[in-house]
There are 2 protein chains.
Amino acid sequence: MNEDNNKFMQEAARLSAEAIQHLDGGPFGCVIVKDGKVVGKGWNHVMATNDPTAHAEVMAIRDACKNLATPELVGCELYTSAEPCPMCMAAIYWACIPTVYYANTKEDSKALGYEDTIIYDELKKPLNERKIKMVHVPDEAAREVFDFWKKKNNPGSI
Amino acid sequence: MNEDNNKFMQEAARLSAEAIQHLDGGPFGCVIVKDGKVVGKGWNHVMATNDPTAHAEVMAIRDACKNLATPELVGCELYTSAEPCPMCMAAIYWACIPTVYYANTKEDSKALGYEDTIIYDELKKPLNERKIKMVHVPDEAAREVFDFWKKKNNPGSI
């Protein structure tokens, strides 16, 4: 841990405070850093914008990707005021961010009523055991699009 | 399975075809339905907009929430041309969508190079065993924001 880590975490915490004071958001803030500079910021916008995907980390990823004009944040670090939920954690994987610093823990968030343990548990289950009903509907057109794409491209591992 | 299921899945498949033909997206489409009507649509925008969170399901959720002016899609059904990745699956939980219909399977997506198995596997692991380095940085300001929020609100289970 060094001074910079603390500085960036304090910025994430400042955003979480700003979110609840001025921005009608939940108490979560996030910054993304590259080469010692903040390249993206986010705070919880769920209630403010009626967008359940507008968590601080997702907003910061979208901001950093826009600012750097890339969908891959290789070499970046993410600082978040609270341990990411599984949606944000998976987004961090897709964004290729190698390091996450977090302040408050999942248990701290749970004590506030933000409960993501159930989602983590659900994602471990086979599709037929989940609370969300998952129905396989094979579709010829969807299959043809995949076949067309497979012939045309080799998209790699994204 | 009924005619409506097929109709909505065909619309999701149509969007996946449109995405690759005209919209510079990956081969994924999604519609959200309420009371027999499409209330939200999405397709993969990742490369088109440099946004790694712009998967078809996330875009459809954001569209439906905007159209219905709510962050909770209770009573809606989601039709997607391919089984959701863990980011989208968690977003579906946050959006309170009870039923998901999918056409192509995770294995089909993997054959195209879209690999989310590793993310599902990672989310099952304790933080200290993940490929992404997870560093706990306790922060007094982040803690104070949580304490302030706890005293002020009882946000329920979202």
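**View 1. Helix α4 of chain A meets helix α4 of chain B in this predicted model.** Pro86(A), Met87(A), Ala90(A), Ala91(A) and Trp94(A) in α4(A) touch Pro86(B), Met87(B), Ala90(B), Ala91(B) and Trp94(B) in α4(B). Sorted by class, this contact has 10 nonpolar residues, with no polar and no charged ones. Each of the two helices covers residues 86-94 of its chain, and their axes come within 8 Å and cross at roughly 155°. Because angles over 145 degrees count as roughly antiparallel, α4(A) is described as roughly antiparallel to α4(B). The crossing of the two helices is left-handed.

**View 2. Here we look at Val46(A) in helix α2 of chain A.** This helix takes in residues 46-49. Is Val46(A) buried or exposed? With a relative accessibility of 9%, Val46(A) counts as buried. Apart from neighbours within four places in sequence, its contacts are Asp51(A), Pro52(A), Ala54(A) and His55(A), along with Pro71(B) from chain B. Asp24(A) lies 22 residues from Val46(A) in sequence, and their C-alpha atoms are 8.8 Å apart.

**View 3. Cys65(B) takes part in no disulfide.** For Cys65(B), the nearest cysteine sulfur belongs to Cys76(B), 8.1 Å away. Cys65(B) counts as buried, because its relative accessibility is 0%.

View 4. How far is the sulfur of Cys96(B) from the closest cysteine sulfur? That closest sulfur, in Cys65(B), is 9.2 Å away, which is too far for a bond.

Methods: Residues numbered from 1 in each chain as written. Chains lettered and ligands numbered in written order. Predicted model: local features only at pLDDT ≥ 70, side-chain atom pairs only at ≥ 80, totals over all residues. Heavy atoms only, no water. Helix = DSSP H or I, 4+ residues; strand = E, 2+ residues; numbered from the N terminus. Buried < 20%, exposed > 50% of the residue type's maximum accessible area, 1.4 Å probe, protein only. Contact = heavy atoms within 4.5 Å. Axes fitted to C-alpha atoms, helices over the stretch in contact; angles between N-to-C directions. Parallel < 35°, antiparallel > 145°, perpendicular 65-115°, else oblique. Left-handed = near helix turned anticlockwise from the far one by under 90°. Nonpolar A, V, L, I, M, F, W, Y, C, P; charged D, E, K, R; others polar. Disulfide = S-S within 2.5 Å.
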